[in-house]
Structures are given as structure tokens and as C-alpha cells.
Amino acid sequence: MRDSKRLGNAVGVVAIGRNEGERLKGCLDSVVGLVDWVVYVDSGSVDGSVAMARATGVAAIELDMSVPFTAARARNAGFQRLRELATGMALVQFVDGDCEIVAGWLEKAVAFLDAHREVAADCGRRRERYPERLIYNMLCDIEWDTPVGEARACGGDALMRADVFEKVGRYRDDLIAGEEPELCVRLRAAGWRIWRLGEEMTLHDAAITRMGQWWKRTLRGGYAFAEGALLHGAFPERHYVRESRSAWFWGLGIPVTVSGLALLGGTWVLLLLLIYPLQIVRLAARGGRSARENWWHATFLVLGKFPEMFGQIKFLFNRHRGGQSRLIEYK
């Protein structure tokens, strides 16, 4: 039994997922009974997720998969259904179906927004459920550990003011990744603030077990950086401009430059590629975690520049040919 105060109709929950199985059950069980309305939005699951969600007692809707799926579109659809069901809803908690909301989080998040009327959205610590099992889980757990205090953005798990979310235009349906930071750009431009609380919020199960999955997830991040920079890269926001430039510099600029110099001046120029291990050493030395975590994190930060660069190229290619973006799935 969850030791939590019932929040009733004032807060609604939108969970999204695809083939999350037991992870989805844990997600829904963590909020059912705590609020009056929970909406689950399914994106083409074949594992019985929809039937299981309905058996749990939540409102479940299935997206039309003839239209390209995005998490943003799913969240918007869930929010729309909440609006229809819960007319008195003031706040909405978005959560991914592979996450479980920690007992007490919603009460603390609601209290913070009640006390800080200038804040549009707050989030807490998303923690990886099994960081000790695989390197990829550990990397995700480090990624989730963002600074406490005022933030530029929140992630997929966040509590938001429903009327403000509506007023700024909700999520952009067409974004295949990076939709949360993009929304937060618009929230801040409208004069609202975003806050990261020092509270446990969700337990996440990344379910990344192979290098190929990590590569696709990181490539998707590079795609989001490119699209975000196109949308909001102008001054003063400069959204994802630094991240995009870094991907091009480390992922393509250095290899091409060194290769060209090697053709002109001899293979000794290839020694310049030592800049990559030196960068790993520099990043590891700056890390604030255990030596093991620092070294692995630094190594994958540097390796990640290559899939990020390919994500940038994929975005530019799609934009050039005028094609519709399609979700880059890694699970």
C-alpha cells in the first residue's frame, strides 16, 4: 500500500508507452488510487498493454498508427483526453510508461507549485532502477542526475500547470525527440520558470542491453539537437547550438581534418587523433563520481559524438528531401 495523500481531481496523470509490459503495470500501479484520472496512451503495442491498462482501471487510448508516432503526439492525446474527463484538473503529471512514480513525489511537487506561482513545471530525480547491472543503465542514471534548482528544461516526467501547458501550445506533435526542452523554451519565453526539486520522482528502466541500442538512442539525441537549434538557435536562446557544434567538431571535423592532413603530410599526422583519449582523460578528471563512473561516462561522452553527428546528418537529409520525421526507436 502506498503511503500517499489522495490528490483527487485536481491532478491528472498521462502515461505513454509501447510494449512496456510489466514496467507499464508498475507505472500505473504507482498512481492508480492517488488521483481520480489516469490516461494511458498506447502507440501500437502488441504485448497486451492496452488490455492490461484497462484492467487496472485507467482510461486507455490507442493512437492511430497510420500517422507517424511521436512521444509528443502521445502526450498531447493523453492531455486532451484528461481535459475531457477531468474538468477541474489544474495540474498534469506526465510520465513515461517505463517509469514508476515514487511514493510522495506528487504531493511534494503539487505543494511546490502551490507555493511558487511563477513556476510552470517542476520535476525531481529520475533514477535508473538497475544502474549496477549494465554500463548503459549507469550512463542513464548519470544523465538523469541534473542540478537542483531553477532549470532550463525538464524531461518526460514532470508536473505542469494544465492551463499554462495549453496556453503555450502543448508539445509539438512533429518532434521525434527533444520535445520537452523545446516546450520549456516556449514556457520560459512566456515568462514562466522551470524547477528541478531535490526529491525522488521516478524509477526508470532503460532496458538498454546492447551497444546498438545505445547508438540509436544517442543518434536520436543528435537529431534532436539539430532540430532544436533550427527552431530556437537564434540569440538569446541559442537552444542546442553548442551541442550541435560539438557533434560536428568531434564527430566529423576532427576525423576529416586529420585524414586530409595525413594524405598531404604523412601518416604521423594520425597522432593528432590522440586528442580523443586526451579528451576522455580530461572529462574523467572533472567528474564528481566514483572513478569507475567517471571513466565510463567520459568514454561514452566522447564516443557519443559520432552517433550524434549521424543524427545531425539524418535531420539535414530529411529536411532537404522534405520527408516527415519518423521516430528513431532503440528498444
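Predicted model: local features only at pLDDT ≥ 70, side-chain atom pairs only at ≥ 80, totals over all residues.
Guide: Residues are numbered from 1 along each chain as its sequence is written, and side-chain values use heavy atoms, with hydrogens and water left out.

Visitor: Why is the pair of Trp214 and Trp215 called edge-to-face?
Guide: Rings of Phe, Tyr and Trp (its six-membered ring) pair if their centres lie within 6.5 Å; planes under 30 degrees apart count as stacked, over 60 as edge-to-face and the rest as tilted. The search of the whole structure finds 15 aromatic pairs. For Trp214 and Trp215 the centres are 6.4 Å apart and the planes stand at 70°, so the pair is edge-to-face.

Visitor: What makes the pair of Phe249 and Trp250 edge-to-face?
Guide: Their ring centres are 5.3 Å apart and their planes are at 90°, so this pair is edge-to-face.

Visitor: How do you know whether Trp214 is buried or exposed?
Guide: Buried means under 20% relative accessible area, exposed over 50%, and partly exposed in between (1.4 Å probe, protein chains only). Trp214 has 9%, so Trp214 is buried. Trp215 has 31%, so Trp215 is partly exposed. In the other pair, Phe249 at 44% counts as partly exposed, whereas Trp250 at 13% counts as buried.

Visitor: Which residues form one aromatic cluster with Trp214 and Trp215?
Guide: The cluster also holds Tyr136, Trp296, Phe300 and Phe310.

Visitor: What makes Arg133 lie over the face of Tyr130?
Guide: A charge sits over a ring if NZ of Lys or CZ of Arg is within 6 Å of the ring centre and within 35 degrees of the ring normal. Arg133 is at 3.6 Å from the ring centre of Tyr130. The charged end of Arg75 sits over the ring of Tyr171, at 5.5 Å from its centre.

Visitor: How do you know that both faces of strand 8 are covered?
Guide: Helices (H or I, at least four residues) and strands (E, at least two) are DSSP runs, numbered from the N terminus. In a regular strand the side chains alternate between the two faces of the sheet. In strand 8 (residues 158–161), Ala158 and Met160 on one side are buried, and so are Leu159 and Arg161 on the other.

Visitor: Which way do strand 4 and strand 8 run?
Guide: Two strands pair if DSSP finds at least two bridges between them. Four bridges join strand 4 (residues 91–96) to strand 8, and the two run antiparallel. Phe94 has Ala158 as its bridge partner in strand 8. Strand 6 (residues 119–128) also pairs with strand 8 in the antiparallel sense, over two bridges. There, Ala121 has Met160 as its bridge partner.

Visitor: What makes a space a cavity and not a pocket?
Guide: On a 1 Å grid over the protein atoms alone, a cavity is a set of points where a 1.4 Å probe fits but cannot get out; a pocket is an open set with protein on both sides within 12 Å along at least five of seven lines. Lining residues have an atom within 4 Å of a point. One cavity of 30 Å³ or more is counted. The largest cavity has a volume of about 40 Å³. Helix 8 (residues 211–232) gives the most to its lining, with four residues. Helix 8 also gives the largest share of the lining of the second largest pocket, four residues.

How values were computed: Points joined across faces, edges and corners; volume = space filled by probe spheres on them.
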